[in-house]
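Here's a quick briefing on the chain you have open. Take a look at the sequence and the model, then read on.

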Amino acid sequence: MIEAHKQTKAEVTIGVIEVPWEEASRFGIMNTDEVGRIVEFEEKPAKPKSNLASMGIYVFNWRLLKRYLEDDARDIVSSHDFGKNIIPKMLQSEVKLFSYAFEGYWKDVGTIESLWQANMDLLQEEPPFAMNDPSWRIYSVGADLPPHYIAAGATVKSSLVSEGSEIHGTVENSVIFPGVKIGKGARVVNSVVMPFAEIGEGACVDKAIVLQNCEVMPGAKVVSGDGSIVVVPEGEIFLAQTGDKQVG
C-alpha cells in the first residue's frame, strides 16, 4: 500500500474493499475514476454509487495530515472524525487522494451478525488467516490467567477455548474467551462467550453472543426461535417457574 502511495504520487491513500451491495450503505463509500483516484466520498449513503468501502486504513503525507488535523481541532462545530470531516475537506480542496484495493481477509464488526461471523471464521478447518503466522504476529492483551481446564466428562469440539476457562459441559463450534465457566451438563453451540461469563449447569446456549460478566442461570435456554443471533447483555437469565425461559 505504501509502495502504491509512492507510485501514484498521492497525498493520501485509502484502503478500500468491495462489500456486498446490500451492505454498502453501512460504510464510507469511495467513488473513483478509471485510475483509482478518489473523486467523491459518501459517508453511509442511502443509495451508494459504488461498493468500494473505506477500510479505515490510510497513508498520509504527514505535513498535509498535520495541517488538516490542526485546522479541524480549531473548528468548534467539527465532529473531529476522518470520515465526516477530514476526508471530505481534503476532497473539497482537491487534495490528491487515491484508493488502494485490498484483496485479503477483512471483516467489519459493526453489526451483531458480522461480529458473530468473524468469530466463526476462526473455527474453519482452514481459517482465512493464520493466527500463528510468524511473519505477521497478532498481539493482544494477556489475561495472565492459568491454563484452561476441561473436566472429566466434558466435551469440546471444533472450538477455541482461552486461558482461565473451566469447561464441565459440552462446547461445540464456539469461541470461549478467558475466565469463562461452563457448568456440568451445559451445552454451548455455535456461540461466542465473552470474558468471565458463567453458563450454569444444564443451561443451553445456541447461536448466541454472551457478553462479559453475564450469568446464564442453571437450566436456562438461550436460543432463537427464528435462527437469528441472540445477544445476552450483562445480567442474569433465570429459569422460569413454568418452564425454560426463551431469550431472543
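Accessible areas here come from the Shrake-Rupley method with a 1.4 Å probe, and for residues only the protein chains shown count as cover. On that basis the accessible surface of the chain is about 14,600 Å², with 51% of it belonging to carbon and sulfur atoms. Keep in mind that this is a predicted model: local features need pLDDT of at least 70, side-chain atom pairs count only at pLDDT 80 or more, and totals for chains, interfaces and linings use all residues. Residues are numbered from 1 along each chain as its sequence is written, and side-chain values use heavy atoms, with hydrogens and water left out.

**Confidence**
- pLDDT is the predictor's confidence in each residue, from 0 to 100; the chain averages 90, and 94% of the residues score at least 70.
- Residues 240-248 have a pLDDT below 50, and beyond near neighbours in sequence this stretch has 16 contacts in the model (contact means heavy atoms within 4.5 Å).

**Overall build**
- The chain has 4 helices and 21 strands, which are DSSP runs numbered from the N terminus (helices: H or I, at least four residues; strands: E, at least two).
- With a radius of gyration of 23 Å, well over the 18 Å that the globule rule gives for 248 residues, the chain is more spread out than a compact globule. The radius is taken over C-alpha atoms, and the rule is 2.2 Å times the number of residues to the power 0.38.
- Along the principal axes, the C-alpha atoms fill a box of roughly 65 × 40 × 35 Å.
- Buried residues make up 40% of the 248 in the chain (buried is under 20% relative accessible area, exposed over 50%, partly exposed in between, with a 1.4 Å probe and protein chains only).
- Of the contacts between residues at least 6 apart in sequence, 34% join residues at least 24 apart.

**Threonine 13**
- Threonine 13 sits in strand β1 (residues 12-18) and is buried, at a relative accessible area of 2%.
- Leaving aside neighbours within four places in sequence, its contacts include Met1, Ile57, Tyr58 and Phe98.

**Cysteines**
- What does the disulfide count come to? It comes to 0, taking a disulfide as a pair of cysteine sulfur atoms within 2.5 Å.
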